[in-house]
Amino acid sequence: MINSVAFRTQARTVDHLGREQIADCPTAVSELWKNAYDAYSRSVELHIFDGEEPVAAIFDDGHGMSYVEFLDRWLVVGTESKFEAKSSNIDDRNGLPERTKQGQKGIGRLSSANLGPLLLILSKRRDQDFVAALIDWRIFENPYLTLNDIEIPVTSFPKQEEIISVLPALFDRLVENVWGGEDAARAKRLKAAWDAYDRLILEDDQDAIEPSKKIANTIINARFELHHFEQWQVWSGQSEHGTAMLVSDINFDLRAQLPSIEMDGAIKEIREKFFTTLSSFVDPLVSMLDVEINAEKPDFSYVVKIWENDRPEIIVGEDRGFNRAQTDMMEHIIEGVLEDDGTFRGQIKAFGKWRHIGNDYVISPPKDFNVPKGPSTRVGPIDIYIATYERDRVNSSHTDDEFAECERLADRYGGFMLFRNGLRVLPYGRVDNDFFEIEQRRSVNAGREYWNARRMFGRIAISRENNPNLRDKAGREGLIDNRAAKALKTLVVNILRRSAYDYFGSNSEIRVPELEQINLKNRKDKAEAERKKLATRHRKQFRKLLGVRLKDVPLIEERIERQLSDLTISNVEELLSAQQKLEGLREELNGFRLPGAPSPLGSLEDDYRLFRSRVQRCQSLLVNMNEKISQAIQDIKPPKPEEILNQQMQRNAGLIQAELRKWKKQIADLQTGEQSRIEGIFSERNKLFHSMAMPLVERVRVGEIELQHATELMEKWRSEIAEENADIFEGYLNALEVLRDNIDLELIATQGTSDNYELREELSRINQLAQLGITVEILGHELKSYDQMIRSGLNILENRNIEPRATQNIRTGLEGLAKHLDFLSPLKLSGQRTQRYISGREIKDYLREFFAKTLDRENISLEASDEFESFKVFEQPARILPVFINLVNNSIYWLATGKSESRRIALGVREGLIVVSDNGPGVDDVDIQQLFRLFFTRRIGGGNGIGLYLCRMNLAAGGHHIRYAETKEQKVLEGANFVIEFRGAEYGN
């Protein structure tokens, strides 16, 4: 006989599908945030409330659920799948565009069990009552219970304030899952199941608390208070709909985020993992240029707040993470698309220079790899973006501030992440995940392989639409290990290795020559920084000393005047007394010496002039006093002049000896302090290598790291420390040797600083003068035309053939002259150099008016794209306008001398950069490298070769850059194309 028997579902099935499927607490939070995203939330928040019994809460403003929906959907495992019909209710989207669902298996909600055992869920749909349910997930851990015997208390109520009154009834009904209720048969089954489970636990641990008692006590003692609900967007009135999940007896990972917990190494590690998992929940590296296929930036914000004594602190938030603007400034970047056939096409920047732009950088798939193309195996196109920087400061093309910012970002956000439809896929990007074997390859040869996961800022962007075969595992811990995932890994590893070999790693042909130039520049920059540091120190000391001297010099001036007016000399004793007073006053005035004045004096100039005039007044008074003493010597004629001179010698020697003793004491004090400082540095440097190497030995002993990688690390650390030691002590020794040779370092440094400033000012003045010269040259060319018009009109008048046309020519010519003189006003060199926003539209109008007659005469059109007109930059007009004048003037010359019938000059935007172009003959490839060199010109009889040089210098003064476009993607017209990169430019309306 054959029987038909149905599956019986034990309660533990829910536990297996929920808590046990999720790797850790932050991953569970991520899953619940994705559920909020699928519910069309605009924001989701995790709040962790400190207190006697901490509570965690996840709040969102999604469409929420009604009572019926909660019963038919939330309490039914597996409803949210690709087989479920898409909602046709546009109201559920809350004004948002349709979203691709992140959840597929319908078990993401069960991950809330990972946050803590006791869950209170509230939900509110627009124009519907609130629905509330209470769940203790530990009930589902009982292996002797079936799902049919577990009942979840659910209720609804119209007003939010009623939640406090309905909570007791929810708790009472929940605890019936342990004690039983009115159904006698069910109560009997429950009692037998809990008795069996309690015995099972006590058999393993006699001191354990029976699960039934533990659950009952938690339910009875749990407290959800009013202030826990107040941060929910629905509760505060910010939204009419949404869902709240409040958890009691929270997971230790959540408790570890609270400031009240005692800090130790484990807590620090938990916090770091929590932060790195949730901090980039939404893709922060989306390009604003819309050149990517899968990447998107949804209207969705997230935040984690911890509460202590009613004060919140944000520990994770979208505005506290990092973004594309920060990584785009890094010196190494690779970005592009891995196409369906396995070929990567994109652009690459190395050592701060773009080597390939647009889609020019191509990496083919490995020759020995067959890219899967079947409907169930193909990878599909993916977006790739990676930015990084040189680990050693001396090798980096960044400034000190930029390098420090890179280091700060790496400490918090470094990693290689994966995003699907804009949201993070875990565990990619965490330090404990090495799916693309980046660290494994580094252990073999760190220099050649180059990439370091801890200082990479990268991501892969996929989508369900374009990459359907890249699917998550049930526990959302990575991709299912299918053919598509394997192919993705192979292709991405190939891109990482190829780019490292071509540009970044030790095998790259450009690395050594680039580093030589960078090292030289960094040494010069360091010297310049030290010069500025010394100049700042000198100015600060000078300012302080000047203030003191300026306050005291009137007092000595008054004392000298008084003693001079009271001075009488009628005998030898009074003569000796007068000499002694004069010497004392001279010595006191010598103490008012100031070190060399800084250049420029700036705001100190008035005070310094006043001080010098006071000192000169004192010196003049002392000269008068000396003359009076000299006259007294002639009148008195002392009988023993050698005794007077001997006493003067003794006094002066005493003064010199006193001054020497003062110097000796100050130098001895400094030497003692310096000796102590140097000994401290030696002690610290002696210990540094051991402090780094000893933990490495232990890691090798326990098998955490391979010996080969460890030896490479140790040698790298030794080399770095040796180099740092040389930087510290060799310069110190050189300085001591210079002091030994009695060379005045202070004088050299301060004089060098002053000379440097003067040279810089002189160069600036020369540049301004040259700019004025080229402007006048251009204006002169145009003024000749207007001059001819005026002369023509005057000739007619002289012939007495006076006609209205003659006067009209004169008026037109004069107006033209006046307008061109007006153009000099924004270029003038005197007065305050103001900055303001200059728009592309203003530049276009300025150029059209400036060159109006020439453009009309030569039949040249000057065009500007909408994108150019809408761009703007905050700068000095005198720095920007001459650049465009020069570029357009050059285009006019070459168009006028060419044979093209349709003559065009275009102002446009390409790849976020301004382009000035024409359809003339362009620039010969041989001349491109010399274009911006001073005095270089290809004009026949008339060019002076300073226009483009001034363009570059003008722009560089404001941190902008100009270059000649060599790639097709950056050109607007087929002739000459000049690309300008404006720092801080804004594009769009």
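Analyst: Let's start with Lys526, which has its place in helix 15. Bear in mind throughout that this is a predicted model. Now look across to Asp400: along the chain it is 126 residues apart from Lys526, yet the two C-alpha atoms are separated by 9.3 Å.

Is Asn522 buried or exposed? Asn522 is buried: its relative accessible area is 10%, so it falls under the 20% cut-off. As for what its side chain does, it reaches the backbone oxygen of Arg393, at 3.5 Å.

Helix 14 is worth a quick stop as well. Helix 14 takes in residues 483–504, so to speak a run of 22 residues. From first C-alpha to last it reaches 30 Å, close to the 32 Å expected at 1.5 Å a residue. At its N-terminal end you'll find a cap: a side-chain oxygen of Asn482 lies 3.3 Å from the backbone nitrogen of Ala484.

Searching the whole structure turns up four cavities of 30 Å³ or more. The largest cavity has a volume of about 60 Å³. Its lining is made up of Thr276, Ser279, Ser280, Arg412, Tyr413, Gly414, Gly415, Met417, Arg424 and Gly429. Helix 11 (400–413) and strand 13 (415–420) are the elements that give two or more residues to that lining. Sorted by class, the lining has six polar residues, with two nonpolar and two charged ones.

Most residues other than glycine have a negative phi, and most peptide bonds are trans. Asn421 has its place in the loop between strand 13 and strand 14, and its phi is near 50°, a positive value in a residue other than glycine. Asn421 counts as buried, since its relative accessibility is 3%. Further along comes Pro427, in the loop between strand 14 (423–425) and helix 12 (438–444). What kind of peptide bond joins Leu426 and Pro427? That bond is cis, with omega at about 10°.

Tyr40 has a positive phi as well, near 60°, and it is again a residue other than glycine. You'll find Tyr40 in the loop between helix 2 (25–38) and strand 1 (43–49). Tyr40 is buried because its relative accessible area of 11% is under 20%.

One last check is on the cysteines. A disulfide is a covalent bond between the sulfur atoms of two cysteines. How many disulfides does a search of the whole structure find? The search finds zero. Cys25 counts as buried at 1% relative accessibility, and Cys951 is buried too, with a relative accessible area of 0%.

Note on methods: Residues are numbered from 1 along each chain as its sequence is written. This is a predicted model: local features need pLDDT of at least 70, side-chain atom pairs count only at pLDDT 80 or more; totals for chains, interfaces and linings use all residues. Side-chain values use heavy atoms; hydrogens and water are left out. Helices (H or I, at least four residues) and strands (E, at least two) are DSSP runs, numbered from the N terminus. The expected span of a helix is 1.5 Å times one less than its number of residues. A polar contact is a pair of N or O atoms within 3.5 Å; within protein, one must be able to donate a hydrogen and the other to accept it, and residues adjacent in sequence count only if both atoms are side-chain atoms. On a 1 Å grid over the protein atoms alone, a cavity is a set of points where a 1.4 Å probe fits but cannot get out, and a pocket is an open set with protein on both sides within 12 Å along at least five of seven lines; lining residues have an atom within 4 Å of a point. Grid points are joined across faces, edges and corners, and a volume is the space filled by probe spheres set on the points. Ala, Val, Leu, Ile, Met, Phe, Trp, Tyr, Cys and Pro count as nonpolar, Asp, Glu, Lys and Arg as charged, and the others, Gly among them, as polar. A disulfide is a pair of cysteine sulfur atoms within 2.5 Å. Buried means under 20% relative accessible area, exposed over 50%, partly exposed in between (1.4 Å probe, protein chains only).
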